[in-house]
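Hello,

Here is the structure we talked about. Please open it next to this message and read along.

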Amino acid sequence: MCIFNQLKEFSRLGALGVLGGQFKSATRYNPCPMSPHDQPTRPVVTRFAPSPTGALHIGGARTALFSWAYARQHRHIPGSKFILRLEDTDLKRSNAESTRGIVRDLAWLGLNWDEGPDPKAADPYAQQLGNNGPYFQSQRAELTFKHNYEHYVQLLIDAGEAYEDNGAVRLKMGSHRGDITFDDAVYGRIEVKAADLEDFVIRKGDDGGRLPTFHFAVVCDDALMGVTHVIRGQEHLTNTSKHAALHDALAKVTGDPVTWARPVWVHTPSIMNPGGSKMSKRDKAKAAREAAKNAKIASADGIDATRFNAFMEGENNDSDIAMSIANQLAVSLPEIEVDDFRRSGYLPAALLNYIALLGWNNGDNIEKFDLDYLIQYFSLDRIGKSNSTFDRVKLKSFNGDAIRALSAEDFACELADYVKAYRQQDWGQSGVFNGDDWLAFCTGVQERTHTLPDPLDANAYLIADDDTITYDFSPKAVRKAIHGSEGEGIRLLEQLRAIFDTLPEENFGHAAHEAIAKAAEVFGGNMGKYAQPVRIAVSGGVVTPPLDVTLDLLGKSSTLTRIDRCLEQAKAQTGT
RNA sequence: GGCCCCUUCGUCUAGCCUGGUCUAGGACACCAGGUUUUCAUCCUGGUAACACGGGUUCAAAUCCCGUAGGGGUCACCA
């Protein structure tokens with residue numbers, strides 16, 4: 001096993017302190033863990049309940065993060081836990097692939113659950129009975145014991161709280177129940193007039209497999225699983241009057257006001273696009289559609305024609321089609337889902353840190369923190385009410401900071417894994433670089449890296465064949481360094497080439513660097529005057545890691561070959 | 001359209017509940033300067049906001065009312 005991988009595993013095992021260095025850790029910040037807000041003495045049970053109809057959305061990730069952090073904050077109270085439950089009562093849209101993706105993405109983020117599907121299970125739908133029944137609502141519906149939704153539907157009908165309507169069952173609202181008032185931890189007290197409340201379906205008819213609707217399943221499961229705090233997106237705020245009514249009705253018909261007590265509702269504001277629309281996979285689909293239209297392509301790899309055409313007509317926004325088109329046309333799509341951010345080279349630590357700040361802050365001007373800090377300081381009453389715009393530029397800045405906070409070994413490991421996974425190349429160890437060179441390369445590029453692919457794209461010349469390096473002397477900086485001052489760069493390059501030729505191959509870059517420094521000292525001028533022509537000669541451009549690292553990685557022979565080629569072309573151009 | 005919710009620098013936000021300490025603080029971005037062999041990093045400084053209109057008050061970003069703008073929701077989707 002790669003030493004870097006071992007090191008990484010080790011660091012991952014070490015608590016959840018995902019960030020070190022300049023990132024503030026909770027313990028450093030506040031030696032006294034007593035927070036100003038509530039110190040509940042009762043257990044806190046939260047859950048993340050996505051519907052497996054697509055990949056894990058960035059907004060879902062934030063909901064999961066808050067739910068997770070709040071449960072972890074209270075883990076010292078026995079019974080506190082974080083549950084993952086899959087809401088798959090929409091048979092047509094739910095699928096196992098989505099479940100796998102959600103489980104994988106949550107695991108990647110490091111948000112572990114106390115109860116929920118086994119992340120290692122081959123078949124995500126293999127039924128697992130926890131203390132409170134299975135974690136898929138479709139499975140809960142099949143059961144015949146206390147978790148069966150149908151049992152409660154019947155109780156409501158018998159008590160005159162609900163009635164059948166074309167095979168479906170509706171809960172009586174309106175004047176039957178009166179005005180509904182509930183409290184939200186973020187938005188405060190919400191009052192809805194009886195006249196604005198309509199009877200709503202709690203169990204679907206035959207077309208829907210007689211399954212419970214989302215509203216009914218959610219209330220039953222939360223109550224039966226003992227969920228105390230329901231943290232979810234604010235699109236559910238209006239729905240909550242229905243859920244409140246359901247809790248109250250069920251408490252009444254079962255005579256069990258404890259189990260069916262209303263939970264604490266916590267609605268989080270939405271995350272928006274810079275354009276103002278809600279961040280959704282539709283944005284990815286839209287970008288892909290536009291690219292496909294511009295390129296006038298009529299199919300996409302691995303996508304059958306019917307789906308492709310439906311996609312182009314806007315009849316679906318499937319991410320796999322969008323991705324296929326993007327790959328085919330080599331265009332990038334806006335990151336929307338957690339997996340998109342991983343592909344783009346973001347670290348979980350940075351992503352988590354950034355989204356935690358979208359709608360929450362500790363009021364202490366501390367922006368860089370790790371999960372330990374969030375667990376310690378997270379509080380419901382510091383969640384904001386207004387929607388926030390997702391700023392990828394700021395995320396990138398956070399990611400750069402997170403990358404710089406990694407040890408050189410951890411960074412080397414992250415990068416090697418990334419290259420393997422998304423470039424299907426092996427740059428480290430046994431691959432393009434040998435072990436020492438790989439670490440040297442990573443060390444050289446680490447502080448210039450904002451997202452993982454940055455150093456790959458910027459340093460392709462390093463692994464290119466010597467004769468594929470091309471020289472474009474038209475950009476200003478290059479022209480100046482080579483042809484400026486009547487070809488001074490060319491003359492310097494010739495002199496340096498002669499010196500380089502006498503240097504040993506061992507530690508060539510280091511020796512070459514010293515030679516350049518000495519030349520600058522002896523002949524005058526700053527080091528850049530000498531280093532830039534060399535940099536251009538070996539890379540074709542003006543930006544590389546420090547020259548000693550670059551030349552070490554390249555080796556003496558490549559360096560000389562490239563200088564020769566550069567001189568040849570520069571002179572040829574001067575001649576004409 | 002009905003109902004619900006929101007509104008501080010370009011963006012994320014602190015401050016608002018408990019009016020005066022706010023000539024409104026921080027971060028990202030941007031601009032200028034410095035460090036540096038390039039780029040980046042790092043350091044210093046700067047530009048930039050209380051949506052609008054009324055009211056209450058000695059005093060309002062903070063309290064009240066209205067207007068405008070934005071979001072959500074009105075499915076046998078979740």
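**Core**

Start at Leu65. Leaving aside neighbours within four places in sequence, Leu65 is in contact with Leu111, Leu352, Ile355 and Ala356. Keep in mind that this is a predicted model.

Leu65 belongs to the largest nonpolar core, which has 128 residues. Leu65, Ala350 and Ile355 have the most contacts inside that core. Helix H3 (residues 58-73) supplies the largest share of this core, 9 residues. There is also a second, separate core of 10 residues. Among its members are Ala288, Ala292, Met323 and Ile325. In soluble globular proteins, nonpolar side chains tend to be buried together.

**Chain A overall**

Chain A has 576 residues, and 41% of them count as buried. Its secondary structure comprises 24 helices and 11 strands. Take the contacts in chain A between residues at least 6 apart in sequence: 73% of these join residues at least 24 apart.

**The sheet of three strands**

Next, an open sheet. It has 3 strands in the order E3-E4-E7, and the pairing is antiparallel. Strand E3 (162-165) and strand E7 (200-203) are the edge strands, each pairing on one side only. Neighbouring strands of the sheet are turned by 45° against each other on average, direction ignored.

Helix H6 (residues 149-158) packs on this sheet and touches E3, E4 and E7. The direction of H6 makes about 105° with that of E3.

Now the pairing of E3 with strand E4 (residues 168-171). The two run antiparallel over 4 bridges. Tyr163 has Arg170 in E4 as its bridge partner. Glu164 has Val169 in E4 as its bridge partner. E3 and E4 form a hairpin, with 2 residues between them. Asn166 sits in the turn and has a positive phi of about 55°.

**Strand E8 and its surroundings**

Here the pairing is parallel. Strand E8 is joined to strand E9 (residues 264-268) by 5 bridges, and the two run parallel. Arg232 has His267 in E9 as its bridge partner.

Why is E8 (residues 229-233) largely enclosed by the rest of the structure? Because 4 of its 5 residues are buried.

Look also at Val227, in the loop between helix H7 (214-224) and E8. Is Val227 buried or exposed? Val227 is buried, because 23 other C-beta atoms lie within 10 Å and the cut-off for burial is 20 or more. Not counting residues up to four places away in sequence, Val227 touches Val45, Thr46, Arg47, Asp222 and Pro263. Val227 and Val264 are 37 residues apart in sequence, but 9.0 Å apart in space, C-alpha to C-alpha.

**The RNA side**

How many residues surround RNA strand B? There are 59. The closest are Glu87, Gly205, Ser386, Met527 and Gly528.

Several elements give two or more residues to the surface near RNA strand B. They are strand E6 (188-192), strand E11 (388-389), helix H15 (392-405), helix H22 (527-539) and helix H23 (547-554). H22 gives the most, with 4 residues. By type, the residues of this surface divide into 27 polar, 17 nonpolar and 15 charged.

Two loop positions to check on screen.

- Gln424 is in the loop between helix H16 (408-423) and helix H17 (435-446). Its phi is near 50°, a positive value in a residue other than glycine. Gln424 is exposed, because 7 other C-beta atoms lie within 10 Å and the cut-off for exposed is 12 or fewer.
- Asn507 is in the loop between helix H20 (476-501) and helix H21 (508-523). Its phi is near 55°, again a positive value in a residue other than glycine. Asn507 is partly exposed, with 15 other C-beta atoms within 10 Å.

Best wishes

Conventions:
Residues numbered from 1 in each chain as written. Chains lettered and ligands numbered in written order. Predicted model: local features only at pLDDT ≥ 70, side-chain atom pairs only at ≥ 80, totals over all residues. Pairing = 2+ DSSP bridges. Axes fitted to C-alpha atoms, helices over the stretch in contact; angles between N-to-C directions. Contact = placed C-beta atoms within 7 Å. Core = buried A, V, L, I, M, F, W, Y, C linked by C-beta atoms within 7 Å. Near = placed C-beta within 6 Å. Nonpolar A, V, L, I, M, F, W, Y, C, P; charged D, E, K, R; others polar.
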